[in-house]
Amino acid sequence: MYHFTWGRHQLITPVLLCGGSGTRLWPISRKSYPKQFVPLTGEQSLFAASAARLSGPEFAAPVVVTGSDFRFIVTEQLLSAGIDPGTVLIEPSARNTAPAILAAALMLARTDPDSLMLVAPSDHAISDPAAFRATVTRAVPAARSGRIVTFGITPTHAETGYGWLELSQAVVADPVPLTRFVEKPDAATAAQMFGAGNFLWNAGIFLFTASTFIASAAEHAPDLMAPVRQSVDKARPDLGFLRLDPEAWKAVSSISVDYAVMERATNLSVVAYDAGWNDLGGWDAVAREMGADAQGLSSSGAVTAIDCRDSLLRSDSDGVELVGIGLTNIIAVAMDDAVLVADRSRAQEVKIAVERLKSKGAPQAEAFARDHRPWGHFETLALDTRFQVKRIVVKPGAALSLQSHHHRSEHWIVVSGTARVTVDTEVRLLSENQSVYIPLGAVHRMENPGKVPMVLIEVQTGSYLGEDDIIRYEDVYARGPGAKG
C-alpha cells in the first residue's frame with residue numbers, strides 16, 4: 001500500500017477522450033450528440049460524471065480532446081458540474097486515440113515533461129468514484145518510475161464484447177506486468193479466460209508521465225511524431241479553446257493507441273479495479289447498469305409494461321408512451337423521431353442498422369430532431385418543400401449570429417421570455433405573444449437579454465431551407481461563414 005501527500009508537482013492531469021460516432025446506443029446516441037453527453041443512467045451525463053470522478057485534491061484541471069462540433073457542449077457541461085474546464089484541445093478531424101493522446105502529452109510536456117497523465121474515455125460508468133481514485137493512487141509509483149500503467153477490470157462473467165488483458169500472474173498485489181492484449185474473444189475463449197484467474201477486462205484507461213508516452217510513441221509509432229508535434233506547435237487559441245493546426249493534422253494517420261503503442265511496448269503494468277465498471281458499449285450493457293425488477297425488466301421514462309421480462313423498455317420523449325405486452329429478451333427504445341426494437345442478444349448489431357439508415361439517406365442515422373448550438377438549441381416541428389417550423393430555445397445572455405439568408409424569409413413568435421431582435425437597422429424587444437417578420441435578405445439577429453430561457457417559434461418559407469444558407473456578419477462564437485446556427 002502506498003501513501004502520498006499530494007503536492008502541486010504530483011497532481012494527475014485527467015485527459016478525457018471525447019469523440020465517438022454515436023452508433024452503438026442509437027437512437028439515444030448519434031453522431032451529432034454521442035452517448036457521453038447523454039444522461040443514460042442518472043441525472044448527469046457520462047462525460048460530466050467522468051470529469052467529476054477525476055476531480056479533487058489529487059487532480060489538476062482536465063485536458064479534454066474533442067472535435068469542433070462538441071467544444072461548447074464540453075465547456076457547458078463542465079461548468080454546470082462546477083468543474084474547471086481546463087484545456088479543451090480541438091482535433092481538426094477524428095484520428096482515433098493514439099494521435100489524440102500524443103497531442104495531449106506533447107502539450108503537457110511543454111511545461112512539465114514529468115506531468116502525470118490519466119487517459120480515460122469519457123463515456124464509461126463507474127459506480128464507486130472514491131474506489132476508482134484509490135486505485136489510481138496505487139498506480140502512481142509505477143507510472144512515475146517510467147511504466148505505462150493500464151487499468152484492468154476484474155471480470156464478473158465471460159464477456160465477449162470487451163478486449164481482455166493477460167497478466168503474468170494472478171493478481172495478488174499490483175501492479176502486475178502485462179503479458180499481452182487479447183482481442184474480443186469468442187464465447188469459449190472468454191469462458192476459459194474467465195476461469196483462469198490471470199485475465200482482466202481491458203478498460204482502455206492508462207496512467208503514465210508525458211515523457212514516458214512520448215518516448216514510447218517515438219519508438220513504436222515514429223510516423224506520428226512529426227505531424228502531431230507540428231500540429232501542437234502551431235496550435236492556436238480560439239475563444240478559450242486550443243485548436244490543433246489543421247494542415248499539419250492532415251498528415252496524421254488514424255490509429256488506436258493499443259495498435260500504435262500499447263501492444264508493442266514492453267514497459268506495461270496492470271492495476272486491477274473491481275468496484276463496478278461498465279463501458280456502456282451496447283443496450284444490453286445499459287440494461288445491466290440501470291438495474292432490473294424481479295422479472296428482469298429495466299425501464300425508463302413513459303413506459304407501461306404488461307407481463308414483460310428480461311427486457312429493456314425506454315422512452316426518451318415526453319410525448320411518446322411506450323407500451324410492451326408479453327415481451328421477453330427485447331430492447332425497445334423510443335424517441336420522437338426514431339424507435340429501436342431488437343432482440344437483446346443482438347444488441348451489438350445496432351451499428352449495422354445505423355449504416356443501413358445512412359445508406360438510405362435517413363437523417364435519423366446521425367442527427368437528432370433537436371440540434372444543439374452554443375447559444376441553446378432548436379428542433380424541427382414541421383418540414384415540407386417550402387416551409388419549416390422550428391422551436392428555438394436561447395439561453396439567458398446568449399445571442400445568435402448577425403446574419404442574413406439568400407433563399408428564405410422568417411416569422412418569429414415569442415412563446416416565453418424576452419427577445420431582443422435586430423432587423424437591418426431596427427432593434428426592439430419582443431415579449432410573449434409578440435412577433436416579427438424577417439424579409440428575405442434582411443440582416444438580423446435574435447438575443448436573449450433576460451435571466452430565463454427564451455422560447456421562440458420560427459416559421460421559415462422559401463425555396464431552400466438548409467442550415468448552410470447563412471451569411472454571417474458577426475458571431476460571438478467565432479464560427480465560420482458556413483457554420484450552422
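Confidence first: the protein has a mean pLDDT of 92, and 96% of its residues reach 70 or more; pLDDT is the predictor's confidence in each residue, from 0 to 100. Residues 1–8 are another matter, with pLDDT below 50. Beyond near neighbours in sequence, that stretch has eleven contacts in the model (contact means heavy atoms within 4.5 Å).

Ground rules I noted: this is a predicted model, where local features need pLDDT of at least 70 and side-chain atom pairs count only at pLDDT 80 or more, while totals for chains, interfaces and linings use all residues. Residues are numbered from 1 along each chain as its sequence is written, and side-chain values use heavy atoms, with hydrogens and water left out.

Next, helix pairs. I looked up H1 (residues 46–53) and H2 (residues 71–80), whose axes come within 9 Å and cross at roughly 55°. Helices (H or I, at least four residues) and strands (E, at least two) are DSSP runs numbered from the N terminus. Axes are lines fitted to C-alpha atoms, for helices over the stretch in contact, with angles from 0 to 180 degrees between N-to-C directions. Who meets whom? I found Phe-47, Ala-48 and Ala-51 of H1 against Val-74, Gln-77 and Leu-78 of H2.

Then H3 (residues 97–109) and H6 (residues 210–220): their axes also come within 9 Å, and they cross at roughly 130°. H3 is therefore oblique to H6. On the H3 side I listed Ile-101, Leu-102, Ala-105, Leu-106 and Ala-109; H6 brings Ala-210, Phe-213, Ile-214 and Ala-217. I remembered that an α-helix has 3.6 residues a turn, so residues three or four places apart point the same way.

Which residues of H10 (residues 283–290) are buried? They are Trp-283, Ala-285, Val-286 and Ala-287 (buried is under 20% relative accessible area, exposed over 50%, partly exposed in between, with a 1.4 Å probe and protein chains only). These pack against several elements, including strand E14 (298–300), strand E18 (330–334) and helix H11 (350–359). Just after H10, Gly-291 takes a positive phi of about 85°.

Last stop, Val-323 in strand E17 (residues 322–325). I have Val-323 down as partly exposed because its relative accessibility is 48%. Its C-alpha is 7.9 Å from that of Ile-306, 17 residues apart along the chain.

Technical notes: Angles under 35 degrees count as roughly parallel, over 145 as roughly antiparallel, 65 to 115 as roughly perpendicular and the rest as oblique.
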